[in-house]
Amino acid sequence: MISDRPTKLVPPVLAKMAAWSVCLIVVGVVVYIFALIVARLSFVALPVAVALLLTALLYPLSSRLTGAGLRPIYAAWITLLVALAIIVGAGWLIGARASDEFPTVVEQVQKSINELRDWLVTGPIHLETKQLDDWVETITNQLQTSQTAITNTVLTAGQVAIEVLASIVLMLFVTFFMLKDGDRIWAWFLKGFGGMSGRVDRAGRAAWLTVSHYVQGTVAVAAVHGLVMGIVLAGLGVPLWAPLAILIFLASFIPIVGIFFAGTVATLVVLGTTSPIKALIFLAVLIVEQQLENHVLQPLIVGRALNFHPLAIIIVLAVGGIMGGIAGAAVAVPVAAVIYRALPELRHEPPALPPPAPPTPPEGPVKSESGQPKG
């Protein structure tokens, strides 16, 4: 009796909890092993992930060029050249503005530091000059103590630059072939799933649609954010307004954390190069614009592709940052959105085929074997 019905020894609720626990343990082990593989192959995984996001951004242009009659290889080349021209133009703008305005920034920062020092001595705090000199000496000694670490960082910069260059080359290659042969690569990939190819195909198309909406919407929101704040910085007469606007644009790709970092840097630059009043004005405009972005632009443009709670976003960003640094944090949210949208398609049964249509009767009178009409 015990061997025939062992579940009677355990309450049904506990049996279900045990079954779910086993399933969760198996899923956790699989996810852990996959995370170890990705971390081990981060040099390849991150460029490929960024290439997929870049492909989702550039695919509409490549598709239009292909629809206009160009061969896929030419459409892919033109699309990549346009993207590289935009990136090079933005880099040139940053370099040109920085080289022209950096001496002015240094002078204004030194002036602001001297004014702050005078205010600390003559203002309501009434600090002594000797005390300020001791603080400056302490900071200088700490910098000199850290000289060895700084030197080691500079020495390893060459190796990091080589790795970054190799990652960029790999990313461009993957992006080019995705734009050129994306459909053929996907068809070849589906052949390995046999009878599951239908579900995998639906899951992949749902994931691709999510990535496309997320990337294109995020770029549009980041462009509006960078443009508005660039106009505000230029209107306040802040040096390096163009590099700061591009920094805000790039930081907008990392939800919550990115804009906090870029906003802090921009506010400190405004404070050091202009006045506290202008810094407060910039900070107020930044907060208002960020609230409009969170409650108007993001729900309208990106909300359909990503509907995560802020706590989920923070956790996903933390995991991505631990595994892949800044690049991992940038791709963590779209990867989580893809998994969230693709899993239901893998679980659902394929839609039932429509019933076959009944045979249509022949037209005209039905003839007998002798050729004469019946009846």
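Guide: Start with the elements. The predicted model has 10 helices and zero strands. From the N terminus on, the order is α-α-α-α-α-α-α-α-α-α.

Visitor: Which stretches does UniProt mark as "transmembrane region"?

Guide: The unreviewed UniProt entry puts that annotation on residues 12-35, 41-61, 73-94, 160-179, 206-234, 240-261 and 308-340. Such annotations may be inferred rather than shown by experiment.

Visitor: What is the chain's secondary structure over residues 12-35, and what is it over residues 206-234?

Guide: Residues 12-35 are 100% helix and 0% strand, with the end C-alpha atoms 34 Å apart. Residues 206-234 are also 100% helix and 0% strand. There the end C-alpha atoms lie 42 Å apart.

Visitor: Why are α6 and α7 called roughly antiparallel?

Guide: Take the angle. Helix α6 (residues 197-235) packs on helix α7 (residues 241-251) at about 155°, with the axes 8 Å apart. Angles over 145 degrees count as roughly antiparallel. The pair is therefore roughly antiparallel. The crossing of α6 and α7 is right-handed.

Visitor: Which residues make the contact between α6 and α7?

Guide: From α6 come Val219, Ala222, Ala223, His225, Gly226, Met229, Gly230, Leu233 and Ala234. From α7 come Trp241, Leu244, Ala245, Ile248 and Phe249. By class, the contact of α6 with α7 has 11 nonpolar residues, three polar and no charged. Gly counts as polar in this scheme.

Visitor: What makes α7 and α8 roughly antiparallel?

Guide: Use the cut-off again. α7 and helix α8 (residues 257-273) pack at about 165°, and their axes are 8 Å apart. Over 145 degrees is roughly antiparallel, so α7 is roughly antiparallel to α8. α7 passes α8 in a left-handed crossing.

Visitor: Which residues of α7 and α8 make that contact?

Guide: On α7, they are Leu244, Leu247, Ile248 and Ala251. On α8, they are Gly258, Ile259, Phe261, Ala262, Val265, Ala266 and Val269. The contact of α7 with α8 divides into 10 nonpolar, one polar and no charged. Leu244 and Ile248 of α7 take part in the contact with α6 and in the contact with α8.

Visitor: How do you know whether Glu289 is buried or exposed?

Guide: Compare its accessibility with the cut-off. Buried means under 20% relative accessible area. Glu289 has 9% relative accessibility, so Glu289 counts as buried. Glu289 lies in helix α9 (residues 276-302).

Visitor: Which residues does Glu289 touch, not counting residues up to four places away in sequence?

Guide: Glu289 touches Val224, His225, Val228 and Met229. Among them, His225 and Met229 of α6 also take part in the contact with α7.

Visitor: How far apart are the C-alpha atoms of Ala342 and Thr210?

Guide: They are separated by 9.1 Å. Along the chain, Ala342 and Thr210 are 132 residues apart.

Visitor: What about the whole protein: how many of its residues count as buried?

Guide: Of the 375 residues, 26% count as buried. Now take contacts between residues at least 6 apart in sequence: 69% join residues at least 24 apart.

Note on methods
Residues are numbered from 1 along each chain as its sequence is written. This is a predicted model: local features need pLDDT of at least 70, side-chain atom pairs count only at pLDDT 80 or more; totals for chains, interfaces and linings use all residues. Side-chain values use heavy atoms; hydrogens and water are left out. Helices (H or I, at least four residues) and strands (E, at least two) are DSSP runs, numbered from the N terminus. Axes are lines fitted to C-alpha atoms, for helices over the stretch in contact, and angles run from 0 to 180 degrees between N-to-C directions. Angles under 35 degrees count as roughly parallel, over 145 as roughly antiparallel, 65 to 115 as roughly perpendicular and the rest as oblique. A crossing is left-handed if the near helix is turned anticlockwise from the far one by less than a right angle, and right-handed if clockwise. Contact means heavy atoms within 4.5 Å. Buried means under 20% relative accessible area, exposed over 50%, partly exposed in between (1.4 Å probe, protein chains only).
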